[in-house]
Amino acid sequence: MATKRAAPKTTARRASLPSKQKVEKLVSIPEDVVLAPQVEAPRQPAGRDLSRQRSAVQELSWMDFDRAVQELARTIRTAYSPQALVGVAHGGVFVGGALANALGCEFFPVRISRRSRDRKEGAKPQMFGEMPRELKGLRVLIVDDVASSGDTLALASTLARKVGAREVMTAALVARPGGYTPSFCSLTTSDVVVFPWDYEPAMAGNTAASEDIDPDKAGA
């Protein structure tokens, strides 16, 4: 008598295996890429995530600039009463002139920059011109637009003390995280900040011209 053979019991094994559709959802690989067993899906070149390597940019209008200066002035008033303010050309002249007006103190523009032949990493800034002798015996605030390494503000502070300033503090509209920390600042960011005066025709695409600008005529 013929007997019917039982079908192999493969139901349990099949249930334990992920379907082809489920595998495709777990590992998203283009159809034309063939991988050997236990090989990872392709990564970005050199395995680096390049999505955050672009620097963000913040553009300040004249209205934004005025608001930042007024905020900075309010902060300074709570802790310091400068009698004279020194703005480092060229960005510090714009900030310093506006800040001196907000604080009601005398303003002196100066130029501190690296010499062209010394423009290499680690070169220290040198003074062009002289620190005003009128600073003798006064409480002085040294101002720049951006404080990064702090070399310029540190040198200006030293020179102010040499001419007899009684007390010296520093301020910047923008400070860099992990860099030099001025006594007062309005914004701390690693973003590239574009100031309103960066669009001035005299500055655009003319590095030599911007270096020779008279601080007294820089627009403060």
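# Close-up views of a predicted model

View 1. Trp62 and Phe65 are three residues apart in helix 3, so about one helical turn separates them. Helices (DSSP runs of H or I, at least four residues) and strands (runs of E, at least two) are numbered from the N terminus. The model is predicted, so local features need pLDDT of at least 70 and side-chain atom pairs count only at pLDDT 80 or more, while totals for chains, interfaces and linings use all residues. Residues are numbered from 1 along each chain as its sequence is written, and side-chain values use heavy atoms, with hydrogens and water left out. Searching the whole structure gives seven aromatic pairs; rings of Phe, Tyr and Trp (its six-membered ring) pair if their centres lie within 6.5 Å, and planes under 30 degrees apart count as stacked, over 60 as edge-to-face and the rest as tilted. The pair of Trp62 and Phe65 is edge-to-face, because the ring centres are 5.6 Å apart and the planes are at 85 degrees. Trp62 is partly exposed at 43% relative accessibility. Phe65 is buried, with a relative accessible area of 6%. Here buried means under 20% relative accessible area, exposed over 50%, and partly exposed in between (1.4 Å probe, protein chains only).

**View 2. The stacked pair of Phe94 and Trp197.** The ring centres of Phe94 and Trp197 are 4.6 Å apart and the planes are at 5 degrees, so this pair is stacked. It links distant parts of the chain: the two residues are 103 residues apart, with Phe94 in helix 4 and Trp197 in the loop between strand 8 (192-194) and helix 6 (207-211). Ring pairs join Trp62, Phe65, Phe94, Phe195 and Trp197 into a cluster.

**View 3. The crossing of helix 3 and helix 4.** The axes of helix 3 and helix 4 come within 9 Å and cross at roughly 55 degrees. Axes are lines fitted to C-alpha atoms, for helices over the stretch in contact, and angles run from 0 to 180 degrees between N-to-C directions. Helix 3 and helix 4 are therefore oblique to each other; angles under 35 degrees count as roughly parallel, over 145 as roughly antiparallel, 65 to 115 as roughly perpendicular and the rest as oblique. The crossing of helix 3 and helix 4 is right-handed, the term for a near helix turned clockwise from the far one by less than a right angle, while anticlockwise is left-handed. Residues making the contact include Trp62, Phe65, Val69 and Ile76 of helix 3, and Phe94, Val95, Leu99 and Leu103 of helix 4. Contact means heavy atoms within 4.5 Å.

**View 4. The largest nonpolar core.** The largest nonpolar core has 25 residues, and those with the most contacts inside it are Ile76, Leu85, Leu99, Leu103, Leu141 and Leu173. Two or more residues each come from helix 3 (62-77), helix 4 (91-103), strand 5 (139-147) and strand 6 (167-175). A second, separate core of 19 residues includes Val88, Val110, Leu153 and Ala172. A nonpolar core is a set of buried Ala, Val, Leu, Ile, Met, Phe, Trp, Tyr and Cys residues joined through side-chain atoms within 4.5 Å. In soluble globular proteins, nonpolar side chains tend to be buried together. Leaving aside neighbours within four places in sequence, Leu99 is in contact with Val69, Leu72, Ala73, Ile76, Leu85, Leu141 and Val143.

View 5. Leu141 lies in strand 5 and is buried at 0% relative accessibility. Not counting residues up to four places away in sequence, the residues touched by Leu141 include Ile76, Leu85, Leu99, Leu103, Met169 and Phe184. Asp144 also lies in strand 5, and at 10% relative accessibility counts as buried. With the residues up to four places away again left out, Asp144 touches Val88, Gly92, Val95, Thr152, Leu153, Ala171, Ala172 and Leu173.

**View 6. A cis peptide bond.** The bond from Ala89 to His90 is cis, with omega near 5 degrees. His90 is found in the loop between strand 2 (84-89) and helix 4.

View 7. Asn101 has its place in helix 4 and is exposed, with a relative accessible area of 67%. The C-alpha atoms of Asn101 and Leu85 are separated by 9.8 Å, and the two residues are 16 residues apart along the chain.
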